[in-house]
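The sequence and the model are shown first.

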Amino acid sequence: MDLSNWNLESELNVFESKLAAIDSHESWQALKLAYLGKKQGKITELLMSMRDVPKAQKPLIGKELNRLKKAVETQLGEHACAQASNKNLAPKIDLTLPGIKPAIGSLHPLTITRHRLINFFARLGYDVGEGPEIETAYYNFEALNTPESHPARDEADTFYIDEQRLLRTQTSGVQIRYMECHEPPFRMIAPGKVFRRDDDVTHSPMFHQLEGLVVGHDITFGHLKGTLQAFAQHLFGPQTKIRLRPSFFPFTEPSAELDVTCPFCETGCRVCKQTRWIEILGCGMVDPHVFEGVGYDPEKVSGFAFGMGIERIAMLSLGIPDIRLFYQNDRRFLDQFKSE
Ligand code: DAH
């Protein structure tokens with residue numbers, strides 16, 4: 001074949017018109033063979049004719065032949081793909097089928113409960129304080145009037161990191177941190193994780209507490225009782241009654257535990273152990289020693305504090321029987337608290 005008058009454009013035009021005329025897989029295969037066939041293919045034939053091209057023209061014509069080969073390969077390939085998607089794939093996509101609904105997450109029951117507690121106290125003007133989970137023995141115990149000899153400091157109950165540092169066993173230490181950098185009067189709560197060497201149906205080595213502290217002038221036990229009454233009725237309904245039982249905490253004097261009437265029964269049940277009362281938190285008037293430690297004058301200010309387990313409140317208000325359910329992340333459990 002004489003390549004002296006050969007022209008890439010017209011060769012491509014011829015190929016493209018043949019490609020456009022293809023109406024079956026057989027004619028596509030025939031065209032492919034006619035152009036790209038190793039022995040008799042058009043392109044092989046053209047490449048063979050390069051032998052007779054004068055040396056000066058060889059680079060240019062060689063380049064053009066390569067472009068032709070590429071263009072033919074590409075267009076044949078694209079044609080085949082277009083056919084495949086028209087004929088085979090398209091009918092398989094049924095746009096009328098219902099889609100797969102993506103699973104949407106929801107708030108964890110502990111998060112829901114924490115939000116409820118924070119919202120209640122925020123509406124009463126409480127600030128939200130924070131403290132570290134790795135705490136010093138000073139903030140977790142000493143400043144809270146809990147000397148070294150106290151049983152709560154025993155290694156059997158507390159995760160110590162070294163002599164002075166530990167995983168906090170209560171959020172009460174945040175009271176001290178908050179008082180160190182605020183002047184009364186104030187109201188604050190501190191929600192957060194705490195850690196204890198404990199593990200059974202109602203105890204987990206990590207759980208959550210919410211601490212509360214109110215300090216001002218002439219704050220009385222009556223203020224504490226009124227606050228807790230409103231809190232209990234907010235959580236468990238307006239029919240809820242409360243009672244305060246004398247108790248002991250090193251950092252409050254007097255101290256008490258708050259019971260509410262059982263939200264599950266009228267006459268006694270398994271949850272309230274037939275007593276009709278359920279304990280929900282510890283509280284008391286801040287001990288003067290604690291005030292002295294942070295530089296407050298106990299003659300001038302007074303205050304009350306309270307602390308509760310968020311898991312316990314969630315179990316009672318949502319009717320959850322086992323604390324371990326909170327941490328297993330079983331979707332069948334968690335999905336029950338979805339609010340849609
Ligand atoms: N920190 C106590 C506990 O972990 C709970 C508590 C009791 C906190 C009385 C207080 C309080 O602020 O006044 O058991």
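The sections below treat the basis of the model, the chain as a whole, the ligand site, selected elements and backbone details.

## Basis of the model

The model is predicted: local features require a pLDDT of at least 70, side-chain atom pairs count only at pLDDT 80 or more, and totals for chains, interfaces and linings use all residues. Residues are numbered from 1 along each chain as its sequence is written, and side-chain values use heavy atoms, with hydrogens and water left out.

## The chain as a whole

The protein chain contains eleven helices and nine strands. Helices (H or I, at least four residues) and strands (E, at least two) are DSSP runs, numbered from the N terminus. The C-alpha trace spans about 115 × 50 × 40 Å along its principal axes. The radius of gyration of the protein chain is 40 Å, while a compact globule of 340 residues would have a value near 20 Å. This radius is taken over C-alpha atoms, and the globule rule is 2.2 Å times the number of residues to the power 0.38.

Of the 340 residues in the protein chain, 41% are buried. Buried means under 20% relative accessible area, exposed means over 50%, and partly exposed lies in between, with a 1.4 Å probe and protein chains only. The protein chain exposes about 19,800 Å², and carbon and sulfur atoms supply 54% of this area. Accessible areas come from the Shrake-Rupley method with a 1.4 Å probe; for residues, only the protein chains shown count as cover. Among contacts in the protein chain with a separation of 6 or more, 65% join residues 24 or more positions apart; contact means heavy atoms within 4.5 Å.

## The ligand site

There are 15 residues around the ligand, of which Gln170, Ser172, Arg196, Gln209 and Glu211 come nearest. A residue is near a molecule or strand if one of its heavy atoms lies within 4 Å of it. The shell divides into five nonpolar, eight polar and two charged residues. In this division Ala, Val, Leu, Ile, Met, Phe, Trp, Tyr, Cys and Pro count as nonpolar, Asp, Glu, Lys and Arg as charged, and the others, Gly among them, as polar. Strands S5 (206-216), S8 and S9 (302-309) each supply at least two residues of the shell.

Phe207 is found in strand S5 and counts as buried, at 15% relative accessibility. Leaving aside neighbours within four places in sequence, Phe207 is in contact with Gly192, Lys193, Val194, Arg196, Glu311 and Tyr327. Ser302 belongs to strand S9, and its side chain reaches the backbone oxygen of Ile219 at 2.8 Å.

The buried residues of helix H10 are Ile310, Glu311, Ile313, Ala314, Met315 and Leu316. These buried residues pack against helix H5 (109-123), S4, S5, helix H8 (221-236), S8 and S9. Just after H10, Gly319 takes a positive phi of about 70°.

## Backbone details

Most residues other than glycine have a negative phi, and most peptide bonds are trans. The peptide bond from Pro184 to Pro185 is cis, with omega near 5°; Pro185 sits in the loop between helix H7 (173-180) and strand S4 (186-195). A cis bond also links Glu253 to Pro254, with omega near -5°, and Pro254 is placed in strand S7 (residues 252-261).

Lys273, which is not a glycine, has a positive phi of about 50°. Lys273 lies in the loop between S7 and strand S8 (277-286) and is exposed, with a relative accessible area of 67%. Asn329 has a positive phi near 55° and is located in the loop between helix H10 (310-318) and helix H11 (331-334). Asn329 counts as exposed, at 53% relative accessibility.

Terms used:
A polar contact is a pair of N or O atoms within 3.5 Å; within protein, one must be able to donate a hydrogen and the other to accept it, and residues adjacent in sequence count only if both atoms are side-chain atoms.
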